[in-house]
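Please view the structure before reading on.

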Amino acid sequence: MRIGELARATGVSPRSLRYYEEQGLLPSERLPNGYREYGEEAVRQVAFIQDLFSAGLSSGVVREILPCAGQERPQGDCGALLARVRQVRDQLAQQERQLAGRREILERYLSGAAAPTGLTPPSPSPAP
């Protein structure tokens with residue numbers, strides 16, 4: 001399938017698909033006319049790449065993961081890669097805890113339960 005067909009099938013822009021190819025994440029064949037041709041497995045691979053990006057992984061880490069996630073047995077050891085992915089997961093969990101703490105501070109401030117030093121919570125607007 002060509003890039004436009006793959007874009008429609010996956011909901012990913014052709015620009016992003018070209019980026020995936022440039023980063024070594026998505027292989028394609030070049031036709032004599034210069035068009036890109038993708039295999040049927042490209043739809044599944046693009047969805048997987050999107051999931052990994054949504055999880056906060058960089059294209060470098062995604063590039064390392066793809067050989068370990070395919071149906072063929074990987075040539076290298078994926079143990080170190082799994083440890084790296086766990087580390088990224090743990091970093092995301094830490095960021096989530098920090099965000100939850102910040103959100104809680106803002107909720108307490110907005111509810112009037114607590115105010116940061118030197119600030120007073122906003123006054124409720126009068127009812128119409």
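The text below describes the fold, then the aromatic rings, then the serine.

The model is predicted. Its protein chain has five helices and two strands, in the order α-α-β-β-α-α-α from the N terminus. Of the 128 residues in the protein chain, 20% are buried. The accessible surface of the chain is about 9,400 Å², and carbon and sulfur atoms account for 52% of that area. Among contacts between residues at least 6 apart in sequence, 41% join residues at least 24 apart.

Two aromatic pairs are found in the whole structure. They are listed here.

| Ring pair | Centre to centre | Angle between planes | Type |
|---|---|---|---|
| Tyr19 and Tyr20 | 6.4 Å | 65° | edge-to-face |
| Tyr20 and Phe53 | 5.7 Å | 50° | tilted |

Tyr20 has a relative accessibility of 3%, so it counts as buried. Tyr19 is partly exposed at 36%, and Phe53 is partly exposed at 25%.

Ser59 belongs to helix H4 (residues 59–69). Is Ser59 buried or exposed? Ser59 is buried because its relative accessible area is 14%, and the cut-off for buried is under 20%. Leaving out residues up to four places away in sequence, Ser59 touches Tyr19, Gln23, Leu25 and Phe53. The side chains of Ser59 and Gln23 are joined by a polar contact of 3.3 Å.

Note on methods:
Residues are numbered from 1 along each chain as its sequence is written. This is a predicted model: local features need pLDDT of at least 70, side-chain atom pairs count only at pLDDT 80 or more; totals for chains, interfaces and linings use all residues. Side-chain values use heavy atoms; hydrogens and water are left out. Helices (H or I, at least four residues) and strands (E, at least two) are DSSP runs, numbered from the N terminus. Buried means under 20% relative accessible area, exposed over 50%, partly exposed in between (1.4 Å probe, protein chains only). A polar contact is a pair of N or O atoms within 3.5 Å; within protein, one must be able to donate a hydrogen and the other to accept it, and residues adjacent in sequence count only if both atoms are side-chain atoms. Contact means heavy atoms within 4.5 Å. Accessible areas come from the Shrake-Rupley method with a 1.4 Å probe; for residues, only the protein chains shown count as cover. Rings of Phe, Tyr and Trp (its six-membered ring) pair if their centres lie within 6.5 Å; planes under 30 degrees apart count as stacked, over 60 as edge-to-face and the rest as tilted.
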